[in-house]
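Student: I would like to go through this model by question and answer. Please give the cut-offs along the way.

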Amino acid sequence: MSTAAVSDKRRSTLRGASLPKWSPWAIAAGSVAVGLGISLAAGLDSSIQWALIAAVLFVLGTYTIAARVEGRRQAKDRVATSLVWLCFLLAVIPLASLIWETLKRGVKVFDLYFLTHSMGVVADTETGGGIYHAIVGTLEQVGLATVIAVPVGVLTAVYLVEYGRGRLARAVTFFVDVMTGIPSIVAGLFVLSFWILILKMGYSGFAGSLALAILMMPVVVRSTEEMLKLVPNELREASLALGVPKWRTILKVVLPTSIGGITTGVMLAIARITGETAPILLLVWGTNFINSNPFSDPQASLPLYIYQQYANSAGSGAAYDRAWAAALALIAFVMILNLLARGIARWKAPKTGR
């Protein structure tokens, strides 16, 4: 007998019995079938109830079968893996259900006409109209908020990571943490009292951008700070050893190395403010007409448009359809932003290899 055959035989004796790779799928299918049968026998109408029964049966079945074949230790490992997958499904199913419901109801009026027309001469209870004025308002308000918040947030994070020491740094960190948990209505009330009531600047898209920038800044600071901390100190030390000033090291070494994570954090902050309704309702005030000047007069936005269509619909099916279609457009806008973030992050990521 050859040495390789002896080695294979010895390895096979050391390795215990194991379930085939398709066993989790078979156990899952059996659990679903048994859970559905129990639900039908018990007269349970809710799909959530039989899904929970099937989940419990899947965990118990996995442990029982694995314990008989592979032993209790491996069975516990499989149960832990099963629980992780179940938690993943519990998180994904509501999201998938929300997207499917929005898609199903939103496609009724979601077309080119809906995207290129406003509600200027259309009553809320009538058919027709679109979201062009709301798209213009959302793009301008979110764009202005990004222009305000991103430089301030990134520079604050650079200060905290590269220069921050002592009481000032601790105070900045404390207030960033406080701002992270500020409700959006508080930011709106602050801008309302200062910008509109005290300075008498009037309702406008820019006023809403100020409140959105307040909500965006702490997210940008925290995400940028974590990305800068991931940059190896060896890169900084190598640059400084060559006589490069610290500010130039930050500009040419630290920021380009972490630009992918910073871009992702900025896009997450933009997604966080895109759907805000309370500050827009307080500061922008809303209009059914196209206003491309964010610094003067009320302006529309997609979140406010959705709220107004539901609130002023008076039971009109046309208003409900427009609200769902606008929600679909808002989800698509956020998804496009995330795809752009991934593309920019991959493009700007440091090149590895030779």
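Student: Leaving aside its neighbours within four places in sequence, which residues is Thr146 in contact with?

Tutor: This is a predicted model, in which local features need pLDDT of at least 70, side-chain atom pairs count only at pLDDT 80 or more, and totals for chains, interfaces and linings use all residues. Residues are numbered from 1 along each chain as its sequence is written, and side-chain values use heavy atoms, with hydrogens and water left out. Contact means heavy atoms within 4.5 Å. With neighbours within four places in sequence set aside, Thr146 is in contact with Pro151, Met216 and Ile270.

Student: Is Thr146 buried or exposed?

Tutor: Thr146 is found in helix H6, residues 132–163; helices (H or I, at least four residues) and strands (E, at least two) are DSSP runs, numbered from the N terminus. Buried means under 20% relative accessible area, exposed over 50%, and partly exposed in between, with a 1.4 Å probe and protein chains only. Because its relative accessibility is 17%, Thr146 counts as buried.

Student: Which element gives the largest share of the lining of the largest cavity?

Tutor: On a 1 Å grid over the protein atoms alone, a cavity is a set of points where a 1.4 Å probe fits but cannot get out, a pocket is an open set with protein on both sides within 12 Å along at least five of seven lines, and lining residues have an atom within 4 Å of a point. The structure holds one cavity of 30 Å³ or more, and residues lining the largest cavity include Thr138, Gln141 and Val142. H6 and helix H11 (246–274) are the elements that give two or more residues to this lining. The largest share, three residues, comes from H6.

Student: How much space lies in the largest pocket?

Tutor: Grid points are joined across faces, edges and corners, and a volume is the space filled by probe spheres set on the points. By that rule, the space in the largest pocket is about 910 Å³.

Student: Which element gives the most to the lining of the largest pocket?

Tutor: Of the 28 residues that line this pocket, the closest to its centre are Phe58, Ser82, Trp85, Leu86 and Leu89. Two or more lining residues come from each of helix H2 (23–42), helix H3 (47–69) and helix H4 (72–106). With eleven residues, the element that gives the most is H4.

Student: How many aromatic pairs are there?

Tutor: Rings of Phe, Tyr and Trp (its six-membered ring) pair if their centres lie within 6.5 Å; planes under 30 degrees apart count as stacked, over 60 as edge-to-face and the rest as tilted. Ring pairs link Trp195, Phe206 and Phe295 into a cluster. By this rule the number of aromatic pairs is eight.

Student: How far apart in space are Ala67 and Met217, C-alpha to C-alpha?

Tutor: Ala67 lies in helix H3 and touches Arg72 and Ala75, not counting residues up to four places away in sequence. Ala67 and Met217 are 150 residues apart in sequence, and their C-alpha to C-alpha distance is 52 Å.
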